[in-house]
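User: I'd like to learn how to read chain contacts and strand pairing in a model. Can you walk me through it?

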Amino acid sequence: MNKFLLNLPRLRTKIDSLIKLFMSKSIKIKKGFDIPLAGKAAMQTAEIAQPETFAIKPTDFHGMLRPKPMVAQGDNVKAGTPILFDGKNESVMYTAPVSGEIVEVKRGAKRKLLEIVILADKTMEYESFATHTISNLGDLSRESCQEAMLKSGVWPNIVQRPYGIIADHEATPKAIFISAFDSSPLAADYAYILKDEDKYFEAGVAILNKFTNKVHLGVDKNAEVSSLFSNVKGVQQNEFSGAHPAGNVGVQIHHIDPINKGDIVWTISPVGVVQIGKLFLEGKYDASRTIALTGSEVKNPQYYKTYTGACIGRFIADNLKSDHVRVIGGNILTGEQLNSKGHLGFFDNQITVIPEGDYHEFLGWITPTTKKLSVHRAFGLLSSFFPKKEYVLDTNFHGEERAFVQTGTFEKVMPMDILPMFLIKAIMVEDFEEMEALGIYEVIEEDVALCEFVDLSKHDIQAMLRQGLDLIQYS
Amino acid sequence: MKFLRNFLDKQKPNFEKGGKWEKYHSIFEAHETLLFTPKTTTKSTGVQVRDAVDMKRFMMTVVIAMIPCLIFGIFNTGYQHYLALGQGVEFLSLDAFLIGAWKVLPIVAVSYSVGLGIEFVFGTINRHPINEGFLVTGMLIPLVLPATIPLWMVALAVAFAVVLGKEVFGGTGMNIFNVALTARAFLYFAYPTYMSGDVWTYLPQENTEIVAGYTGATPLSIIAEASNEASASKDLILEAVQRAERFPSTENTALVAQAKEISEGLNNGTNVVDSFASSGIGDGFYDIYNMFMGFIPGSIGETSVLMCLLGAFLLIFTGVGSWKIIVSVFAGAFATSMLMNLIGLNEYMLMPAHYHLIIGGLAFGAVFMATDPVTAAQTEKGKWIYGLLIGFFTIMIRVFNGAYPEGIMLAILLMNTFAPLIDYFVVQSNKKRRLKRATV
């Protein structure tokens, strides 16, 4: 009997791991495409002076209809001080990632709010929130967690599907999905940028579990899974293998527990989970993050430690191979062009720098080449013969916009049971029922980004999809 | 190249908004982009890098895949010409090539110049860019015509097909019917005497004496004729038998039995194959090897199955043509021929199934016409159904309809009509899966 009691804890862990094994799913993604871009960040974090300014851009948040600044130029803020909210949803606070002085509230055409820029202090000051220990997180109620998250600025990390909007705090999602790996080109490695953040991740997951019955964590089957993810409790761990977009949370949702009409699912990146964990364990909104500076035009592609919304100037200064480049906040599929003083977006962990492609090429539409990358193997495009090669790719449009020609390549890069071409056509004719029936609720821009990349007819598939999502959401 | 670029850059403002030739912008643009790829870059949001493929390269891949058929067609036109005259020359000879080029290249030139001319006119009127689709159509049309077709008919057919087959629907990408087949169908119904019968071999004058045995017939017409003859003879014998049976006598019984035996021999599928053996000059003119290689009369580019397969290889390897469609057209045709063998109502139906794959335009149609991404089924599952049905209808038209010796043209046009319906059902099943998932 004694022996049995002694063995009980061990037995329990065994049963636990068995249950985990039984519950978790392993999914092989057969469609997709990895863009082998040159300029991967080396696994090292450079020490440089922090950027002078940081910014919050309302345009990063879908579904933010009436962004209203809560501060004016000259105001002083701490990290975690609310600076912005949505007039349509006043509970969610968007707070300052760093302490300092508001130097600009930038507006564009029709007074559209573009960004709120903060000149950072040398030493950071934080708004203080209640602190907890890992063991008493369990006693917290959903309501109290929610209040802290809404107030402190970590809430916008939670994205709600359908539509990819900031989560509605009154909703109860059927599940929360976290993708533990980013498969997009040259993406930052979560295991590296969140090294030693295990306890915060665990705490974050514990908090998320208060909002739903199920938290899914999608890990990369083909890589060693960091302890950050493998040891965490309270999640169903699912394995995914395959090319991009296997790491897209939308693809993972589709294969684990797809979104049907009326369903609500939340997604959050591991960086966001860690921020939530830090809020509860440390009592502050810690917007620090490690970003990857990548791309063929960067002299030393590597990681940098900074904060959300950093100005990119310091990272690229004296670090570029030429000055005729495009600097992108994010990756080449879903990112956004930034000028040399631009600020990273709220969700960005990456800067990519590639050459601009504004050149003419004599007979460039037929000359055989090994330098250009293509999923297609049309005459003279030889990249498929060199599967291991890394490519320096520029921003050239490669052709002109044309009427859709169905080549079957969309289907080759879309690992969901969705007919992308028919969905896009339904959006073009604004057929609501058809969009719904064809699965528009399951996708956001990043899920169709590869379709846009491969499109022979050169359409803006991501923008078109957002148009469709807006149509359904707002009418 | 620098000089050319500078010249274009200098001219460009004239064609832009406010320039003196603003109207002709699309024509200028078409020429400019043919020489130099545009320097446009990706937008500030959305993908920052685009796949290197563009419509021009995509379409040119198809044209390149057709070049073996074109070159073979040029040689074969000359080769058949000399065969008919009884002046046997080697297939791969300069003589054959020269005569062939002299007949074929003007057709290609007319096809391209008329088609592109119309595209330019529409591009200028509608201010839309010139589409690349006609690069393919302009080559397809000559390849499915007999070398003897008058050039004005080519021009008329191209104009008809481009205007009524494509531009009225909104241009490349919007058309319902395969443009090249629209042109061929137009000629077929408007000028049947130029599209069937003894039109396949170029002869200098109408009354040229041709060598004994050379009929210039395509395998399709030989088979159709043989089958018709066999059926007619059988009918005749059976009628005679019926009449004889009204007057029973020992003599008659023996004769009737004999006649019955003969009539059965008429319907076992050997006759059509025999008729291949007995047609043409010398032995083996219409044997399997020659028909596969394409040393026989027929439309310029469609006679050689080998060249079509070469094109198919390039299309499939490059992914430009759907292998599903190509394979399923052949599979559909073969399966249907086997089925016809089992039913066996006439001689044509009894022809061994593999003959169907190497005669007529089946191979050319399967590889180059059925795979047209605009008019084919758009869903991956739909492509299988689409291809199988094309194969099915091709054989049905061949064996049942004496009026149309070739079935593939009408089969593809028919399935062009039904492709959206096939897609509709595939899309419905996708929707139903989603709906079912929601209710479980």
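Analyst: Let's go through the chain contact and then the strands. This is a predicted model, where local features need pLDDT of at least 70, side-chain atom pairs count only at pLDDT 80 or more, and totals for chains, interfaces and linings use all residues. Residues are numbered from 1 along each chain as its sequence is written, with chains lettered from A and ligands numbered from 1 in the order in which they are written.

User: How many residues does the contact take from chain A and from chain B?

Analyst: Two residues are in contact if their C-beta atoms, placed from the backbone, lie within 7 Å. Here chain A supplies 63 residues and chain B 53 residues. On the side of chain A that touches chain B, H12(A) gives the most, with four residues; helices (H or I, at least four residues) and strands (E, at least two) are DSSP runs numbered from the N terminus.

User: What about the open sheet: in which order do the strands run?

Analyst: The order is E4-E6-E7 in chain A, with antiparallel pairing. Strands E4 (67–69) and E7 (89–95) of chain A each have a single partner strand, so one side of each is left without a neighbour in the sheet. Four bridges link E6 (residues 82–86) of chain A to E7(A), and Asp86(A) has Asn89(A) as its bridge partner in E7(A).

How values were computed. Pairing = 2+ DSSP bridges.
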